[in-house]
2 protein chains.
Amino acid sequence: MAWLRNLARLARSSSSSSSKPANRFGSPVLSVPGFAGFSSAAAAAYAGLGPTVPGQDKPRLVILGSGWAGCRLLKGIDADLYDVVCVSPRNHMVFTPLLASTCVGTLEFRSVAEPISRIQPAVSTAPGSYFFLARCTAIDSDAHAVHCETVTDQGGIGDAPEPWKFKVSYDKLVIAAGADASTFGIRGVKEHAIFLREVHHAQEIRRKLLLNLMLSDVPGISEDEKKRLLHCVVIGGGPTGVEFSGELSDFIIKDVHERYSHVKDYIHVTLIEANEILSSFDVRLRQYATKQLTKSGVRLVRGLVKDVQPKKVVLSDGTEVPYGLLVWSTGVGPSPFVRSLEFPKSPCGRIGVDEWLRIPSVQDVFAIGDCSGFLESTGNSTLPALAQVAERQGKYLCALLNQIAKAGGGFANAAANIELGDRFVYKHLGSMATVGRYKALVDLRQSKEAKGLSLTGFISWFVWRSAYLTRVISWRNRFYVAVNWLTTIVFGRDITRI
Amino acid sequence: MAWLRNLARLARSSSSSSSKPANRFGSPVLSVPGFAGFSSAAAAAYAGLGPTVPGQDKPRLVILGSGWAGCRLLKGIDADLYDVVCVSPRNHMVFTPLLASTCVGTLEFRSVAEPISRIQPAVSTAPGSYFFLARCTAIDSDAHAVHCETVTDQGGIGDAPEPWKFKVSYDKLVIAAGADASTFGIRGVKEHAIFLREVHHAQEIRRKLLLNLMLSDVPGISEDEKKRLLHCVVIGGGPTGVEFSGELSDFIIKDVHERYSHVKDYIHVTLIEANEILSSFDVRLRQYATKQLTKSGVRLVRGLVKDVQPKKVVLSDGTEVPYGLLVWSTGVGPSPFVRSLEFPKSPCGRIGVDEWLRIPSVQDVFAIGDCSGFLESTGNSTLPALAQVAERQGKYLCALLNQIAKAGGGFANAAANIELGDRFVYKHLGSMATVGRYKALVDLRQSKEAKGLSLTGFISWFVWRSAYLTRVISWRNRFYVAVNWLTTIVFGRDITRI
């Protein structure tokens, strides 16, 4: 009988599913479609979070992006002072320094990804705080609002629902939307190469590598095709490219030799770099890295890529390099979103900020991380696109915003008379990179010219691992990174292609 | 200077990559394109493993499939007696009883997938043994060979390479290619519902569930659309459907309430079944399961699905059930490949076998698992499509094949006079199913009518967990299953959408 009652209840609930106007959420500030404030928007299909009401609501802080900068800010912001809204196309932060390890299964993907709601629980529990899986399409700084569109891709599986547009009013806005991989306008890079910036890139690399290993074992594949399929080419000799090459050679030396012994002699790694590898490290460390990589079987080639075709890369001197897997890691540049913004830019095309990381031409808007750079007028040079810089900026801005709110300047246009305190000053703590085979470089000097400690070898590798293990944000992921490292040593890397 | 030498070497190796005829592999039996034996094949593009030569090679055992039956056989086969070739579209075995747990993150995907090369290391190390990521397209039992085609899909990412065709001669062939999910010819099932049979199904369910949870939190989504997005509908009340519903309600009770508290009151699970849920269990256990599921908030509905549309299911009485996630789990039936085979069939359309699991009309071909059934002439009824049956058949056949090879009957057409010994007899050891909230059913009777032990509740759940933990094949996965269970209890399920 319970079955029948349920069926009747179900029938009732489904028969009422005609389209009626959108209702309010639990939050008092959530507006119904057509709220005033945007003149141009098609009101009927355009709902959003309307402006906050001082005295009734908390001020609303909107953060665009969930990378190092945005997440450090999210983590430290006082959710009693602000309602926090994070808008990002991914619901997690990627612990980028360990991403290269996931491409070959040294670490698992979920061990290096941290959900936003674990970083700032308020977004999932506080009534006025939200995480929106969406992309910001425009900023209306006069109206203090951002226009957004939901991200609904399903990784190629099934039909993606139509994106849904909405807008969010802000009291304070922080742009931490990051940068895009540079392709230098080279044809074919986006189509044929894989970047190494997001978890789905690492998943794609792992799937492709395992596919090529299996395809090359199929009867009748020619020797040349086998060599091509198993030629892994990495473009760009920065820390990401070098670490990925190191991981890949570890994978080849240990796992491919054990588990793909039919084809083990065909697999090779080539790292192509236009200048020096690891150019930010000093000459002694660079030489050590070169020696170690060569010893592990990585071919280091100096060259400039001219053209990327489906099965080969063409260098500027005409050399053709056939590949089965092509990973592109040549640094970052401003994204189309950043280019579309009409704020004054820094010399390198990033969103220009002053020394308090504000965008000086508008009220209540800040920019941090790879999308931002000091304005020329500040006299500071642009900081490198490093996790370290982004994290430090997030930490600084988080303290600044908490301080502003405490001083009563949290709402829109209310911070004009508030004392901001110290400017943001970046102090480099050092650089690290692993080169595979339990070896790494650690450079604890503030700049290439400065004096200080620099290490190479196993101890460096140990420092590298320990440093990252302590810096992974949650205890869950710290635990899983340690467990993954342990099982990689004991059982080898997982070669399941899923 | 090393750079320059490498560049020169690279240029030389790449300039020689013109298309020359395929070379031999390391294996002595690997043929060049155009080997004799198949009259119809386009010889030039059709390489393969040619027939073995008695006295020179080991006999070759070809196994189609990598499910419970095929992998149990692979695990136990003596690689000193046979060269083993496994042909399957996936390079791993899925531990299916725990697959439902991975859809919500109780377990991780890789904890329930076992690479073939860990089950039978010979496929990656022995010179004449292989694993081919491919699909069998036809069996030529007269010529003792199978036609195959590589599987190159990349999960929707990037361009898939063209499939490559090849053939493999066998001395013994075991068809363990499994079955397909039944759709009963209902329109829209394949397009809109997700099955729960492979790891990629579980990944799709997890991504979609997390996407819907986030989409429903976006401003301006109507109440009805929120209800629809968060309505998870499960079709089929067998163990898979029930366990998935239980996992889903656990996820809702614990993780959605904590991490998606804005939308927690909108999410519901409905399980639709045409007959009784868990019909293979006895009435007392069924009633317990019904009570537990209802208590956890799962709506049990008796109904017959007539039509599946993109956003709603229509039942045969006209009731419309809107859904955001639709999981289809109504049992299995013969796959198109099995239907295409011209062997005599069992009463339910599976490949017909005798009591030694041979296909009696041809030499040296066996069939096990869900793709096979006893011929009517044997007087045995078809066994249920259970992991337990498949595993037992794999174990039996593995012993039989080892015995045949030891008796000198390993090569093609050489086993005619060999004593086969005992017939295959299936003895049911019992059934288990979990219903969520640390509760399960364990039924240790041989059939519904037989006497014996049956348990419900927490102790059952503990038995359920322990039994599976010990039956997971490798120590690596045993370790990870335990670690995943532990972290799910301590930290909750991972809601990263990657």
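Student: Which residue is the bridge partner of A:Leu441 in S26(A)?

Tutor: Strands pair if DSSP finds at least two bridges between them. Strands (E, at least two residues) and helices (H or I, at least four) are DSSP runs, numbered from the N terminus. Here the partner of A:Leu441 is A:Thr456. Strand S25 (residues 439-443) of chain A runs antiparallel to S26(A), and 4 bridges join them.

Student: What is the provenance of these values?

Tutor: This is a predicted model: local features need pLDDT of at least 70, side-chain atom pairs count only at pLDDT 80 or more, and totals for chains, interfaces and linings use all residues. Residues are numbered from 1 along each chain as its sequence is written, chains are lettered from A and ligands numbered from 1 in the order in which they are written, and side-chain values use heavy atoms, leaving out hydrogens and water.

Student: What is the strand order of the open sheet in chain A?

Tutor: The order is S24-S25-S26, with antiparallel pairing. Strands S24 (431-436) and S26 (454-457) of chain A are the edges, each pairing on one side only. The twist averages 10° from one strand to the next. Angles run from 0 to 180 degrees between N-to-C directions, with axes as lines fitted to C-alpha atoms, for helices over the stretch in contact.

Student: Which helix lies across S24, S25 and S26 of chain A?

Tutor: Helix H13 (residues 458-471) of chain A does, running at about 75° to S25(A). Contact means heavy atoms within 4.5 Å.

Student: How is the size of an interface given?

Tutor: Often as the accessible area lost when the parts come together. Here buried area uses a 1.4 Å probe and is summed over both parts. Chains A and B bury about 9,100 Å² between them, 61% of it on carbon and sulfur atoms. The contact takes 99 residues from chain A and 99 residues from chain B.

Student: How many salt bridges join chain A and chain B?

Tutor: A salt bridge puts a side-chain nitrogen of Lys or Arg within 4 Å of a carboxyl oxygen of Asp or Glu. The count is 6. One of the salt bridges links A:Asp494 to B:Arg110, with the closest N and O atoms 3.1 Å apart.

Student: What rotation superposes chain A on chain B?

Tutor: Copies are superposed by least squares on C-alpha atoms of residues with pLDDT of at least 70 in both. A rotation of 180° with 0.0 Å of shift along its axis does it (RMSD 0.0 Å). The two copies are thus related as by a two-fold rotation axis. The copies meet through the same surface, because 100% of the interface residues of chain A are also interface residues in chain B.

How values were computed:
Buried area is the accessible area (1.4 Å probe) that two parts lose on being put together, summed over both.
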